Amino acid sequence: MTVTAVPITTRKDWSTDQEVRWCPGCGDYSILAALQSLLPDLGVRRENTVFVSGIGCASRFPYYMNTYGLHTIHGRAPAIATGLATSRPDLDVWVICGDGDALSIGGNHLIHALRRNVNVNILMFNNQIYGLTKGQYSPTSEPGKITKSTPFGSLDHPFNPVSLAIGAEASFVARTHDMDRAHMQETFRRAHEHHGASFVEVYQNCNVFNDGIFSTITAKENRASMLIPLTDGEQIRFGENREFGVTQLGDGQLKVVEVASVDEQSILIHDSHVDNPALAFALSHLATGVTMPTPIGVFRDVVRPEYGDQMNAQLSDAQAKRGAGDLATLFRTLPSWEIE
Amino acid sequence: MSVEMTTEKIDRVVVRFAGDSGDGMQLTGDRFTSISAALGNDLATFPDYPAEIRAPAGTLAGVSAFQVHISDHEISTHGDAPNVLVAMNPAGLKANIDVMEPGTMVIVNADSFEERDLTKAGYAANPLNDGSLSAFSVFEVPMTSITTEVCKEAGVKPRDAERSKNFFALGLVSWLFIRPTEPTITWIAERFGAKPQVAEANTRAFRAGYDFGETAELFHQRYEVTAAPFASGEYVNITGNTATSWGLIAASQQAGLPLFLGSYPITPASDILHELSKRKEFGVRTFQAEDEIAGVGAAIGAAFGGSLAVTTTSGPGMDLKAEAIGLAVSMELPLVIIDVQRAGPSTGLPTKVEQADLLSSLYGRHGESPVPVLAPKTPGECFAAAIEACRIALTYRTPVILLTDAYLANGTEPWLVPAVEDLPKIDIDFATEPNGTSPAGEPTFFPYLRNQETNARPWAVPGTPGLEHRLGGLEKADGRGTVSYDGENHELMTNLRAKKVAGIKSIYGDTFVDDATGDATIAVLGWGSTYGAINAGVQRIREAGRKAAQIHVESLNPLPEKLGDILRGYTTVLIPELNQGQFIKLIREKYLIDAQGLNKMKGVPFQAAEIEAFILQHLGENQ
Ligand code: SF4
């Protein structure tokens, strides 16, 4: 087998000729652009890349990627991707889903793909609403949300997707948002580098049914004061002049403080690689809604055996021990008798 | 010896071992079957066990039974009623005595007929001394006490020794039917080698049972069933689930594709998952998914990646998988779905047989969603049917449903081990080159440009440069395969999908007809596991000098090409089914034949006598 260099590509090579059908102004466009222009830098081949999606606005994504792709059924993309990624470890498998797809109808598959640590990159576009079915509340909508299906306000307590992923034993968990291409690309790059299941929540604006829901934190003028960037090895600080920071209280809880009001040494230094998920979980709960300063970046990035690797190792071990399977031998694993 | 012992040659015998779920009846029956198989008898078995792992001990709900039919000639069923019932406790007796014919033999473990045992089984009086068993030859054998006695010498505690009493029963029945003792003793040594005390207790109990027959002067006759005239070759006694598993592995080898099984545990299909998970040296990937949907979903993902993809389940799982099967219909990916049918609806009777998933397999998905459906007729035949299901899936790029059932899954028959070189070849032609031109004039890949002969679309797997394409559940444009909302195109694609499935050529394309003299006017038409009972019923009619034909279908979609013409050649068509009448609907609708149905939903297979009576009822005076 000759190994040929990965051809140099541009964003155009990764785009199909399909007309993109999201509403004008939808946050999905910028996510698509971020990924299409990142892929040429990742040293991967189009033919070895597969995008798998479920149902929903976000799930149209594979049609626009000039790679292999599957646009499947509602909620099931992580399960379908599991079969593909474990049986074809040579492929680069991405799962694109929305908050309804991944957390409502497909919640079960999401948590199991994460705990098994299947080598897939799961990008969940969170717009806190059902877009394709025209505006019902979703499992991430804020309580009391008035929508077509909840004219008196929704009663549901929402999921915090990052907390959920950490609780589901995910080995890589991150958050980014559709207004910052560089941050998205850096986050996607790290998700791709991670071997195992990577979960990325992307705050995404649905300008038709939930417009501006994240602007309190993601609008340019609010970012410095409302987004808490998580950078490995650096103190967890934010604000125009990095005047705020995150510190840990005696009972283990995290708290946003004015740096000047505390001992500067008490501001936490971020480390996504610690095995114990407690701090990452606490960080994910620092904000309980988009009215509070919200951490973004990589919460957790730890090494754990990947599911497909282990599955395939069992096959090669068996073959090494017993030799390649032989049907004639198989048929005689039951006691046989001869008739003359 | 004071009593004269005689040996009678008999042509067949049906033995039923019945006891508590914890009494090891399945193991006992299985051992008796194996010894008889090795002697060259033809045989058929029927394990009949409760859904609960340990139902309350001693109650009717907890009765586990194993019936085996052995003979010196070809047989097709596990036998209607037992000639010998071995009852380890009152519940085992009570649950089975009603099917016994007068004059047959009942062997009971006399030690288990204490007041407490009788109450648990719901007996007001002891049947051993109230005269209620006077029609049978009853043998009261103190199995528990002899077993504990012989084990005591080996230092086994009475409580542990008591567990070996099933081997006593096996020993006794082995003596009764003149079976050799060595195979069982060797088997005990191998099976329980790690626990020498258990092995010792079982061996002692087995020998004690055998010796009891010889010396107790209770039995005055032994019976001999000699070998059946089999085609020469090597045989194993195989269950439907094992045959299905091996068929899948064989198909994967013959196609040169790795096997991927996505599955969720469910009775009675789990044994396929168990068997395949052992066979990793064949490159078989088994994925125990989080639910039924993930099981089929993972299989679809693996199919897209170029594996031979399979999902296994039983009825309730089929309901859950329906949407994903529809996706595979739309994406036209090869996928084999195995439904080991059990009685429904809902949880129904989880361990009992029914054939009631036929219509849901054919029509149980939204939209026009044609899927080929195959149904093997005997346990051993599950092997060939599994290979054929895989071949159809791979050749025509379609999901295929293989309908077996709880009876086939757990029942056994001697299976002629095939020569590997005689297995069917499965050719795989992955697409490697572009097959079309884009609007911009570039060579491109059209994933829905069909093969003229099979109407199958090309299968290009990820990793193939230049053939990148997207599949999905949205309607595709004919040929190009891009998303299309055009109504004309949708109608065309709907018809193309139907035409592809209707045109499938399979090994089951010719109708199976057994019309010994060629002039019967009545035909019994069946599908799936009712084959054996129908066959035995038809034989009985013929033995009485009358005529009846047997017609059996194994491809339910598409139906065999000439089936309609063949059926029209008979004045009367009878259709026995283990459901309320599903196949009969297809036959009436498709061929406008006024077929008559016999329907049974008791969780057990048909008996030959039921089929015989049904035929007689429709057989006119002069036929
Ligand atoms: S409905 Fe919302 S999420 Fe969907 S495409 Fe339109 S803007 Fe985007």
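In the exercises below, Ala, Val, Leu, Ile, Met, Phe, Trp, Tyr, Cys and Pro count as nonpolar, Asp, Glu, Lys and Arg as charged, and the others, Gly among them, as polar. The structure is a predicted model.

**Exercise 1.** Determine which residues surround the ligand, and sort the shell around the ligand by class.

*Solution.* Begin with the residues themselves: the ligand is surrounded by A:Trp22, A:Cys23, A:Cys26, A:Cys57, A:Asn127, A:Gly131, A:Gln204, A:Cys206, A:Asn207, A:Val208 and A:Phe209. Sorting this shell by class then gives seven nonpolar and four polar residues, with no charged residues.

**Exercise 2.** Describe how helix H9 and helix H14 of chain B are placed relative to each other.

*Solution.* Two packed helices are described by the angle between their axes and the distance between the axes. For H9 (residues 240–255) and H14 (residues 382–396) of chain B, the axes come within 7 Å and cross at roughly 40°. Angles under 35 degrees count as roughly parallel and those from 65 to 115 as roughly perpendicular, and H9(B) and H14(B) are therefore oblique to each other. The crossing in which H9(B) passes H14(B) is right-handed. Residues that make the contact include B:Ala243, B:Trp246 and B:Leu248 of H9(B), and B:Phe383, B:Ile387 and B:Leu394 of H14(B). By class, this contact has 12 nonpolar and three polar residues, and no charged residues.

**Exercise 3.** Work out how the radius of gyration of chain A relates to that of a compact globule.

*Solution.* Chain A contains 11 helices and 12 strands, and its C-alpha trace spans about 90 × 50 × 45 Å along the principal axes. With 340 residues, a compact globule would have a radius of gyration near 20 Å, and the 23 Å of chain A agrees with this.

Definitions and conventions:
Residues are numbered from 1 along each chain as its sequence is written. Chains are lettered from A and ligands numbered from 1 in the order in which they are written. This is a predicted model: local features need pLDDT of at least 70, side-chain atom pairs count only at pLDDT 80 or more; totals for chains, interfaces and linings use all residues. Side-chain values use heavy atoms; hydrogens and water are left out. A residue is near a molecule or strand if one of its heavy atoms lies within 4 Å of it. Axes are lines fitted to C-alpha atoms, for helices over the stretch in contact, and angles run from 0 to 180 degrees between N-to-C directions. Helices (H or I, at least four residues) and strands (E, at least two) are DSSP runs, numbered from the N terminus. Angles under 35 degrees count as roughly parallel, over 145 as roughly antiparallel, 65 to 115 as roughly perpendicular and the rest as oblique. A crossing is left-handed if the near helix is turned anticlockwise from the far one by less than a right angle, and right-handed if clockwise. Contact means heavy atoms within 4.5 Å. The radius of gyration is taken over C-alpha atoms; the globule rule is 2.2 Å times the number of residues to the power 0.38.
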